[in-house]
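Please open the model in your viewer and keep a selection panel at hand. The stops below go from one selection to the next.

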Amino acid sequence: MTNSLSILTVPAFDDNYLWVIHDGKHAAVVDPGDAVPILKTLEAHQLTLSAILLTHHHSDHIGAVPALLQHFNVPVYGPANDGIQAVSHRLAEGDLVHIPEMNLALQVIAVPGHTLGHIAYFASVQHWLFSGDTLFAGGCGRVFEGTPAQMLSSLDKLAALPDDTAVYCAHEYTLSNLRFAKEVEPDNPAIAERLLREQRKRDEGIPTVPGQIGLEKRSNPFLRSREPAVIARLLSAGKISARADAQDEASTFAALREWKNNYR
Ligand SMILES: [Zn+2]
């Protein structure tokens with residue numbers, strides 16, 4: 001018998017989302033930063049943990065691993081090169097994760113930039129992407145360890161996934177991201193419409209995540225840094241100074257990311 005899979009949203013801390021993928025019986029948790037809400041969710045839905053999936057080493061993504069391992073003896077999947085001691089199954093670009101008890105298959109995509117070892121997981125059957133702190137709704141993660149060129153190339157890989165891919169990112173940053181997006185592209189109707197729509201969700205306490213890749217390509221400035229309108233805006237705002245900058249895609253992406261770092 002094959003149960004279809006679904007995803008539970010588990011809010012944690014101020015603005016994190018932890019994701020529980022389940023078939024009604026078994027569960028895999030993505031980026032468990034906090035054990036209490038995860039254990040509560042598993043208990044409330046009578047789920048047994050089958051696997052832990054990690055995208056990168058930051059503590060708000062891995063903090064609950066020791067506590068979860070006390071309750072459940074399960075494999076810990078994570079990046080091979082991000083310095084996470086607890087990882088039992090070390091993953092790199094192109095690896096396939098298969099969790100047999102729940103018939104879950106995930107492709108591993110290396111997305112360095114936010115951290116050097118950051119990976120994302122793509123469920124190619126369901127078209128779900130677990131993007132950690134790399135691709136956010138309307139934005140992207142800060143480039144802490146890698147280079148802007150690496151981050152741009154990582155985002156390019158995610159943008160190449162099918163348009164209907166649901167993007168399960170790790171934070172509710174959407175409104176702040178879209179306000180910045182509107183500053184970058186004041187005349188882009190997809191951004192203005194999305195900002196209104198997401199604002200309504202937040203007013204009702206509804207998560208804006210997941211978005212979809214197609215929508216991100218229309219409204220997320222970090223997937224649009226090669227668009228002539230974005231380059232023109234970076235020039236007019238004095239964020240890039242010369243045509244030479246404008247023609248180097250890593251430089252325009254870096255200027256965009258730097259602008260967001262200092263925005264409001
Ligand atoms: Zn992070």
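What follows is a short tour, with the conventions given before the selections.

The model is predicted, so that local features need pLDDT of at least 70 and side-chain atom pairs count only at pLDDT 80 or more, whereas totals for chains, interfaces and linings use all residues. Residues are numbered from 1 along each chain as its sequence is written, and side-chain values use heavy atoms, with hydrogens and water left out.

**The annotated span.** Begin by selecting residues 15-171, which UniProt lists in an unreviewed entry as "domain: Metallo-beta-lactamase"; UniProt positions are given here in the numbering of this model, feature names are shortened, and annotations may be inferred rather than shown by experiment. The C-alpha atoms at the ends of this span lie 5 Å apart, and the span is 21% helix and 34% strand. Helices (H or I, at least four residues) and strands (E, at least two) are DSSP runs, numbered from the N terminus.

Next select residues 48-53, which form strand 4, where 5 of the 6 residues are buried, meaning under 20% relative accessible area with a 1.4 Å probe and protein chains only.

Now move to Thr 55, in the loop between strand 4 and helix 2 (59-62). Is Thr 55 buried or exposed? Thr 55 counts as buried, because its relative accessibility is 0%. Its side chain and that of Asp 31 are joined by a polar contact of 2.7 Å, a polar contact being a pair of N or O atoms within 3.5 Å in which, within protein, one must be able to donate a hydrogen and the other to accept it, and residues adjacent in sequence count only if both atoms are side-chain atoms. Not counting residues up to four places away in sequence, Thr 55 touches several residues, including Val 30, His 61, Pro 79, His 118 and Phe 130, where contact means heavy atoms within 4.5 Å.

**The cysteines.** Finally, a search of the whole structure finds 0 disulfides, defined as pairs of cysteine sulfur atoms within 2.5 Å. For Cys 140, the nearest cysteine sulfur is that of Cys 169, 11 Å away.

Key
Buried means under 20% relative accessible area, exposed over 50%, partly exposed in between (1.4 Å probe, protein chains only).
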